[in-house]
Amino acid sequence: MNSFIPSNNYSSLEKQNSLFDILEYIYEQINIIKSNSFFNEKICSFELEFRLRRKYVNIDLKNFLNDNSCQYSEFSYNENAKTRYRIICNSTYPCTENENENETTITPTPQNEFQFMDISKFLNYLEINKDQEITETLNNHMEYTKKITMMTFYYFIFKINLSIEVLLDSSQIKRYLKIEDKSKIESKSIIKSGNNKNIKIEILNQSNYKYENITNNNDNNNNDSIINNDSIINNDSEFNNDIIINNDSVFNNDSIINNDSNLKTESKYIEKNKSEKEITEYAIYKEMNDIDAKFSLSILKYITPITKKRRSFIMKNGARIDMTVFDDKNQLEIEFLNNTYLKKDNIMNMIHSIMVSLDCSNFILDYLFFLMPNYEFQKPITPSLDILYKEAKNLINDTFYVAAKTDGFRRLIIIINNLMFSISENFRVEYICQTKTDFHMVLDCEYLDNIFIPFDLIYYNNEDLRHKSYSDRINILNALNFEDFNNKIIKKNITKCSSFSELQNFIISFNKFDNPSIPNDGIIITNGRSSYYDNIKVYKIKTRNTVDLRFNGRYFYSRDHLIKKSTVNLPFSEYKEVCLRYHQHKKFYSTKNIKDVPNNKDNNRNNNKNNNNKSNTEITDNKFYCYYYRKQVEMINDVPTKTRVVTYHLVREKKVPFIVEINLDNNSFVKERKDKYTSNSINTFNSILIASYQKVNLEIFTPSSTVLMRKYHNIIKQNILHKYKGNLLDIGTGNGGDLHKWKNFRKIVCVEPDCEKIKVLKERISKSEIRNRISILQNTIQNVELRDIYDVATCFFALNDFTYTNISRMLSNIAKNINGIFCLIFFDYNLFSDDINSSSITYKQCIQTEINQFNDIIDRSSYIYLLSSLRYAHSECDNIMYINITDSYVINHYECAINSIRVKEIFVKYGFKLLNEYNVDLFPFLDKSQISYTSNIKVIEFSNINEF
């Protein structure tokens, strides 16, 4: 596991080609080379090698090789970037430990404790698929070879090399090793790369050794084979940009040697070849043979050998696996040697199986950031009613999408070629399966019961889609063939909406969407024009408002912010349960219990990878540690456009945090979150707390809910009150729902005649931070005695409880105490069009004015019938309205229907001037019946001072 994500290597990555296409190209080049008439298969062989890239996979093979390995010395000289001479000698099986080895050998230490990968799965694969171990056959093995790297590819955690290996004359090496003391060879100084030319100089100047005529020409090298580069490399190939071609005389006179086995001795060669040309060629041959022999001895003389340990296996499919340890390096190589005739499918299956058995998460994470630099998980916000009010029009105008929120885990699915991996929010990578089609895509998903449910597509077809609108991304997602994903990914029902009624229809059939067996705990609403970067345009609305908090045995925390107990407000029984769970958690992760927990950190990590409830813990030095990635954001301003650079660094906590889920709606403990390593941020906590207080949940979108309508009415009042300050006279305060809107006033007087409502009002005032500014007058506004002068007077929705005579008496009583603004909000009977009768609201006329007849709404034996009859008969009102609003204080209420024209006439009569008059805008996130009801609202502002 990297200390930082992404690592420094990600910027050098290139688009990953499929292994099938790579092998297809390699096989094509092999056939081109073999078709050349100068290619000699007797001494030249192809080697297709897959070697682990240490910067992405670091494995420790020391313990495995100590059991049964062969030790040997390797002399290696790189003639150029692609041509290497190698001499292997002094092979001993089984290897014998030096007496001082334990003193001089330094065990490699990883950069952090997560660096070494778990190889248990790979060793298990090796045991099952090996044909035989051939380590023993390496005993006393010696070879002198020249390897020419033809091309190089990079595939996931592997470096792929196609090489031609040429067997060179080793007879002089054998003689040299017989007469040279082995200890002298191993004690030579390492030649510096800048002095490598000394080897070739030594070849020409060397006179200390005399060479006998070679009598066994089976080892001789003939330089007659010359192959032109152009005959091998297909320059029109699509892989030209992805491979490394050896242009430094890959096939020169020294590269591939054509061994003529008919040439037994020098004399026989001269006898058989009489021509002058052939004699000249033989002279060149003999000279090159001598140079080659001197060159090999120069390597032995000037190059210090590396002592290596190796175990080698032949697999059932003929491939060879070599595991080598030297210095602080561990190498794993998969070689196909002359077995490049294997079917591509066999090679692919083997490579993928080995790759999956190892941990390739470092590469996958780097590749994710290569595809999508500065990646951040999109975090939907929990909206308050204020946010819904502000964004409702935009959602309708831009169209929006709604989908069920699955109660599962957040995952990214990254598909590279035919391989599918998942990435958790803590950047844990797991291999999933192979796909039927070659893809390059990244999906944002919910994960539950081994099924991935994508709700967004953020990379596809070589394009980063994060800047595209959600509408465009969903159209691409819906066009995918989900049968290609081997039943690991299922299609999610994401509904496009252009009206509130369509959202309501979705809510009504909420439990029918997606897979019935998949639990849902809310909905996600996404603006159709939003990009993946627009978190504030993606809204999460849950069935219950819950938060994840850290508990330390006494207090709750949101990250590093202390949360007051009164804010969480858990009952004692619930708090006691949380404390009990905490002590169980603490006991489990105590030092005393470490002996009962598997102490192999690699095995722990491997077990956790296959467990959805990951604990994110490791055991190091007999202590538990918790680790996770913390995001770091840096803004770079000295560029043409401001750049947001996102990285993640590994954090290790000494204590395993105890995270609990708390339901803020009913103040209860839900469960311990063993799958989480950090609590919600303070911003997230505050947004959920507000949503809980405002009762923002799925129910507010049902046809029977009036929460959104009442919130909209409150916003109308709030927008008016924010314009003014000074002393406030509020008429008909009721239960005090507007109390939090008065913060900009220095003194507030509330006039309310209802004693029951005053009880609720006083309770609310006692909890308010402006309680010292508020006073209550229990009386009717027509009879109250006022002593102060008020800058602002308000009468919000209480005016409909007045007759026209009541309004006149009110102004007669208080007009002298108003020196400023008088603001009214009421239901204007002039705007009334038709009766409303729905599950959320009933608003009806009690009198058929055309025939002056009462409807059956009013009980004729009640006092309301008598009072209404008198008011209507004396033209004190235009009608009597019956109103019933679900889940509100307005239940079976009767009020006066008054019109704005008469109201304005009365106010003008008492010296008020009309300042402003308007009908309220319609709020699109309302039921049709609520829109109709709200359309009757009239706002009028009067003033009785000259400056207005």
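**Reading the terms in this model**

Tutor: Pro6 is placed in the loop between strand S1 (4–5) and H1, in what is, throughout, a predicted model.

Student: What kind of peptide bond joins Ile5 and Pro6, and what is its omega?

Tutor: The bond that joins Ile5 and Pro6 is a cis peptide bond, with omega at about -5°. Another cis peptide bond links Tyr93 to Pro94, where omega is about -10°, and Pro94 belongs to the loop between strand S4 (83–92) and helix H3 (101–104). Most peptide bonds are trans, and most residues other than glycine have a negative phi.

Student: Which value of phi does Asn90 have, and where does Asn90 lie?

Tutor: Asn90 has a positive phi of about 55° although it is not a glycine, and its place is in strand S4. Asn450 also has a positive phi, of about 65°, without being a glycine; Asn450 is found in the loop between strand S13 (429–448) and strand S14 (451–460).

Student: How do you know whether Ser808 is buried or exposed?

Tutor: The cut-off for a buried residue is under 20%, and Ser808 has 18% relative accessibility, so Ser808 counts as buried. Ser808 lies in helix H21 and, not counting residues up to four places away in sequence, touches Ile906 and Tyr910.

Student: What makes H21 and H23 roughly parallel?

Tutor: The axes of helix H21 (residues 804–814) and helix H23 (residues 900–909) come within 10 Å and cross at roughly 25°. Angles under 35 degrees count as roughly parallel, and therefore H21 is described as roughly parallel to H23. The crossing in which H21 passes H23 is right-handed. On the H21 side the contact is made by Tyr804, Ile807, Ser808, Met810 and Leu811, and on the H23 side by Arg902, Val903, Ile906 and Phe907. By class, the residues of this contact divide into seven nonpolar, one polar and one charged.

Student: Why is helix H11 said to be largely enclosed by the rest of the structure?

Tutor: Helix H11 (residues 361–371) has eleven residues, of which ten are buried, so the helix is largely enclosed by the rest of the structure. The buried residues of H11 are Ser361, Asn362, Phe363, Ile364, Leu365, Asp366, Tyr367, Leu368, Phe369 and Leu371, and they pack against S1, strand S12 (409–424), S13, S14, strand S15 (463–464) and strand S24 (643–653).

Student: Which residues have the most contacts inside the largest nonpolar core, and how many residues does that core have?

Tutor: The largest nonpolar core has 100 residues, and those with the most contacts inside it are Ile26, Phe50, Ile157, Ile321, Met323, Ile364 and Ile414. Helix H1 (residues 19–34) gives the most to this core, with eight residues. Another core, of 61 residues, lies apart from it and includes Ile396, Leu503, Ile507 and Phe925.

Student: What is Met323 in contact with, leaving aside its neighbours within four places in sequence?

Tutor: With those neighbours left aside, the contacts of Met323 are Leu61, Phe64, Leu65, Phe122, Leu126, Lys309, Arg310, Arg311, Phe313, Gln331 and Leu332.

Technical notes
Residues numbered from 1 in each chain as written. Predicted model: local features only at pLDDT ≥ 70, side-chain atom pairs only at ≥ 80, totals over all residues. Heavy atoms only, no water. Axes fitted to C-alpha atoms, helices over the stretch in contact; angles between N-to-C directions. Helix = DSSP H or I, 4+ residues; strand = E, 2+ residues; numbered from the N terminus. Parallel < 35°, antiparallel > 145°, perpendicular 65-115°, else oblique. Left-handed = near helix turned anticlockwise from the far one by under 90°. Contact = heavy atoms within 4.5 Å. Nonpolar A, V, L, I, M, F, W, Y, C, P; charged D, E, K, R; others polar. Core = buried A, V, L, I, M, F, W, Y, C linked by side-chain atoms within 4.5 Å. Buried < 20%, exposed > 50% of the residue type's maximum accessible area, 1.4 Å probe, protein only.
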